[in-house]
Amino acid sequence: MSLIFQVFVFFIFFILDSKTKEQLCFLDKVEPHSSVGDIKGVFHKSYPKWYPARQALRLDPKGKALRDDDVLQNLSVGTSATLYFRDLGPQLGWTMNCAYYWGFAAWLAYYINHPLYTPPSETQVNYALIIFALCEAGIFSIHWSLNSLKCEGAKCRRFPHLSKNPFTWLFYFVSCPNYTYEVTAPLP
Ligand SMILES: *[C@@H]1O[C@H](CO)[C@@H](O)[C@H](O)[C@H]1NC(C)=O
């Protein structure tokens, strides 16, 4: 007669703040089949302000963020591990992003299709065309500049920088100013 023992192994996780190393959360009895996304869900219950999309979890405070679909038992950790948490700040969901594009399209359509529509004067058209062309040139410059940042190796990190091209000077304020131009382009 043979006896088959099934051994249930649970994982234990400590979640520390990646900057202060302060312990934020302790999870025991975590199923090995759970994913990083599940951990984020549980962590969110203890910290309602940090919804899963705001969380970055890493095995090494300076390493790569784990993906939501990474399964715990496939990570090369023992049954007890430390995860380092970083708050990514407020995230714009896809509903919010689509709402922006559809909202703008509807707003423009309202004026264009209005029964009292009057065509703009030639001067207005010319000014608008110039502003539009400048914004498009801005978008192009930002994409060009972000594209040239790409570098080899997983550890390689570079930041966008201001160049002689004045369109890139918005990098002083934000890291993806292509959105700034994206917002101003349809206005004219
Ligand atoms: C703006 O640039 C970022 C970084 O390259 C990119 O991820 C994003 O899709 C761009 N947005 C638009 C609307 O082009």
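This report describes the ligand shell and a surface patch in a predicted model.

Residues are numbered from 1 along each chain as its sequence is written, and side-chain values use heavy atoms, with hydrogens and water left out. Local features need pLDDT of at least 70 and side-chain atom pairs pLDDT 80 or more, while totals for chains, interfaces and linings use all residues.

**Ligand shell**

Around the ligand lie Y101, H143, L146, C176, N178, Y179 and E182, a residue being counted if one of its heavy atoms lies within 4 Å. By class, four of these residues are nonpolar, two polar and one charged; Tyr and Cys count as nonpolar here. The table gives side-chain polar contacts, meaning pairs of N or O atoms within 3.5 Å.

| Residue | Ligand atom | Distance |
|---|---|---|
| H143 | oxygen | 3.5 Å |
| N178 | oxygen | 2.4 Å |
| Y179 | nitrogen | 3.1 Å |

On its own the ligand has 370 Å² of accessible area (Shrake-Rupley method, 1.4 Å probe), and the protein covers 57% of that area. The elements that give two or more residues to the shell are α3 and α4; helices are DSSP runs of H or I with at least four residues, numbered from the N terminus. The most comes from α4, with three residues.

**Surface patch**

L162, W169, Y172, F173 and V174 form a nonpolar surface patch with about 610 Å² of accessible area together. Patch residues have over 30% relative accessible area and no salt bridge, and nonpolar side chains are joined within 5 Å. A salt bridge is a side-chain nitrogen of Lys or Arg within 4 Å of a carboxyl oxygen of Asp or Glu. F173 sits in the loop between α3 (122-147) and α4 (178-184). With a relative accessible area of 64%, F173 is exposed (over 50%).

Methods: Patch = residues over 30% accessible without salt bridge, like charges linked within 9 Å, V, L, I, M, F, W, Y side chains within 5 Å. Buried < 20%, exposed > 50% of the residue type's maximum accessible area, 1.4 Å probe, protein only. Polar contact = N/O pair within 3.5 Å; in protein donor to acceptor, adjacent residues only side chain to side chain.
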